[in-house]
Amino acid sequence: MGVCGSSAELDEQMRKQWAGQSNWSAVPVQRRRLSVSAVEGDYADMDANELEEDRGLIKLLDAKTVVDLLESGCTGGRKMSISSTTDRNKTPFSSKAMKEIGGKFDPAVASIGYSCRKGLKPERLNQDSWFVLRVEGERPCSIYAVFDGHGQNGHEVSNFVKENLPKLIVKDPRFMTDQTDEMLVDCFKKMQRLIASSDRMKNSARLSGTTCTLAIHDIQKDKITVAHVADSRAVLSKRCGQKCGGVQLTRDHKPVLPDERKRIESGGGRVVFDGYENHRVYAKDSRFPGLNMSRCLGDLMGHSECGLSCEPEVMVRELSAEDVALLICSDGVWEFISPDEAVGIVSTYRPDQAMMAAETLAKEAWDRWIQEEGGSVVDDITVLFVHLKQK
């Protein structure tokens, strides 16, 4: 897939890429995702045996780290993970707290950059989360993921998924096999059920949820598998001559898309234009959940009553010599920056300067929000930038 043309040409290339899979077409640029106010209600009761099984699994996952759960097929080298963790800092543009597990993680050596910045929303914590796992040895691989929470408890849902989805993946016997794509679909669905089981104890996900865009990089086979729900985009930096262009690997799951709208309406939901910028999802004869996304994790009432889906779209890509880097960012980046622009910003830095590249893109996204919104609001901003040609 070439990237030497204009952004419009790239959009057309992406439409062709997804043709026959999702039947998606071009949609107007969508603006900020906001939920309507909370309402009282409940969702369908879960089977008692399933609930007990899920609670047992949650307890198991809580007791072990993602490094502990790696199967023997990935042994033989260092294993290290770095990720965000929930903090209470509400200072605008502050970096979110993070934690390391396993071996020491050196971003310059790994050629990985990350930046997770609190937006200008005084009433909310930073609801974005992110995750990186690196496994070295005979079968080297990595997992990269970004989660963008929404709703009153969106920070809790995004952190819960960030903690548990990678664990579900690495403990699955299909991890790093030819069945990785099928495994990811099953793990996303299992994650949604664990959210529902956890919600029975915490009541935190009825009208709160998260995006999820996750990439598994098989370094030995030079292949990536990307699974996503909602609108945290994955973009490939592809070299064309002396420059790099952006290839969007994911489509934003918006209710205005014909195939998404059909599923929502078949599931009892309504798609309504809000009179401003977005088409939003509502339950029949109700004013919730008011989401401008058609797939997500969490948002239990929206799934049970509005036709929302937790099933990810998955793509597998054999990397070429021209595929040099991967960007996964929350929509705080993509709101005012195109894939081509983002790639142009980060591609000016050397691989060992990936952290500087990520921070520069995050600052540019912040400045665009201030300029476009007059300083009234800035979304949380998360950047993961990964050079794919590992030594």
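Guide: Gladly! Buried means under 20% relative accessible area, exposed over 50%, and partly exposed in between (1.4 Å probe, protein chains only). At 41% relative accessibility, Asp352 is partly exposed, and Arg350, at 47%, also counts as partly exposed. This is a predicted model, where local features need pLDDT of at least 70, side-chain atom pairs count only at pLDDT 80 or more, and totals for chains, interfaces and linings use all residues. Residues are numbered from 1 along each chain as its sequence is written, and side-chain values use heavy atoms, leaving out hydrogens and water.

Visitor: How many salt bridges does a search of the whole structure find?

Guide: A salt bridge is a side-chain nitrogen of Lys or Arg within 4 Å of a carboxyl oxygen of Asp or Glu. The search finds 35. One of them joins Arg350 to Asp352, with the closest N and O atoms 3.0 Å apart. Elsewhere, bridges with shared partners connect Arg251, Asp259, Glu260, Arg263, Arg295 and Glu313 in one network.

Visitor: Are Asp252 and Arg233 buried or exposed?

Guide: Both are buried. They form a salt bridge, their closest N and O atoms lying 2.9 Å apart.

Visitor: And what of Lys162 and Glu163?

Guide: Their side chains meet in a salt bridge at 2.5 Å, N to O. Lys162 is buried at 1% relative accessible area, whereas Glu163 is partly exposed at 21%.

Visitor: Where does pLDDT stay under 50?

Guide: pLDDT is the predictor's confidence in each residue, from 0 to 100. The chain averages 88, but pLDDT stays under 50 over residues 1–43. Where pLDDT is low, the predicted coordinates should not be read in detail.

Note on methods
Contact = heavy atoms within 4.5 Å.
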